[in-house]
Amino acid sequence: MSDVAATGISVLLVDDHPIVRQGYRRVLESQGDLHVVAEADNAADAYGAFKAHDPDVVLLDISMPGASGLEAIRNIRARSPRARILVFTMHNEAVLVKAAFSAGASGFVTKSSEPSAVVTAIRSVARGERAMSDDIAHILAEDSLSAGSALDQLGEREIEILRQFAGGATTEQIAAHLNLSVKTVQNYHYLIKTKTGARTDAQLVRLAASCGLTRI
């Protein structure tokens, strides 16, 4: 990480859509103090780019092919506990927001936010502060007053496995995406069922859909 005050803020931009990356590269670099030092379109490349460039802030989408942004957050934070990661995604489901923060994200903004809100959030995260767009703050406030979700008992790794399973990935594919053994994924699958009370895989998929992890 650089001396932010002296050199500006270096940013790693992670999104699987090239148009999104191009658009936000222009937005960020027009600010003068924000510099995109690398881009990635998947979790594995995001980790590699972080190791190579040590950016001040990682701007990262949750939804990507294979392992999601949640896995990228876990891996980056395991390497560098001080890493500052701002999630930037179209998803606004409370279960994903909480999973992202649990994995080590420093902030969470939605793609419906104005570009100026994203820029402000990047600067806040670079200062070591937590940042959220207004809609995310509202969703978390509502969630704190509700009875909660059946998925609240799941950790971020379990959320990630459920997200992939509900999206149609096989046990073997999930194992490959997350660098786990097939047996480990099967054990997670069993634990997820136990914790949520789901008796069948169909019930698991419906539960995931009801919480916004997938669409049926």
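Where does Ser68 lie?

Ser68 is found in the loop between β3 (57-60) and α4 (69-79); helices (H or I, at least four residues) and strands (E, at least two) are DSSP runs, numbered from the N terminus. Because its relative accessibility is 0%, Ser68 counts as buried, a term that stands for under 20% relative accessible area with a 1.4 Å probe and protein chains only. Leaving aside residues up to four places away in sequence, Ser68 touches Ala43, Ile62, Glu160 and Arg163, where contact means heavy atoms within 4.5 Å.

## Basis of the model

The model is predicted: local features need pLDDT of at least 70, side-chain atom pairs count only at pLDDT 80 or more, and totals for chains, interfaces and linings use all residues. Residues are numbered from 1 along each chain as its sequence is written, and side-chain values use heavy atoms, without hydrogens and water.

## Nonpolar cores

A nonpolar core is a set of buried Ala, Val, Leu, Ile, Met, Phe, Trp, Tyr and Cys residues joined through side-chain atoms within 4.5 Å. The largest has 51 residues, and Leu151 and Ile159 have the most contacts inside it. Helix α5 (residues 94-103) provides the largest share of this core, eight residues. Domain 1 (7-140) and domain 2 (153-209) each contribute at least three residues to this core; the domain bounds come from an automatic or database domain assignment. Apart from it lies another core of 19 residues, including Leu28 and Ala121.

Among the residues that Ile159 touches, not counting those up to four places away in sequence, are Leu70, Val95 and Leu213.

Methods:
Buried means under 20% relative accessible area, exposed over 50%, partly exposed in between (1.4 Å probe, protein chains only).
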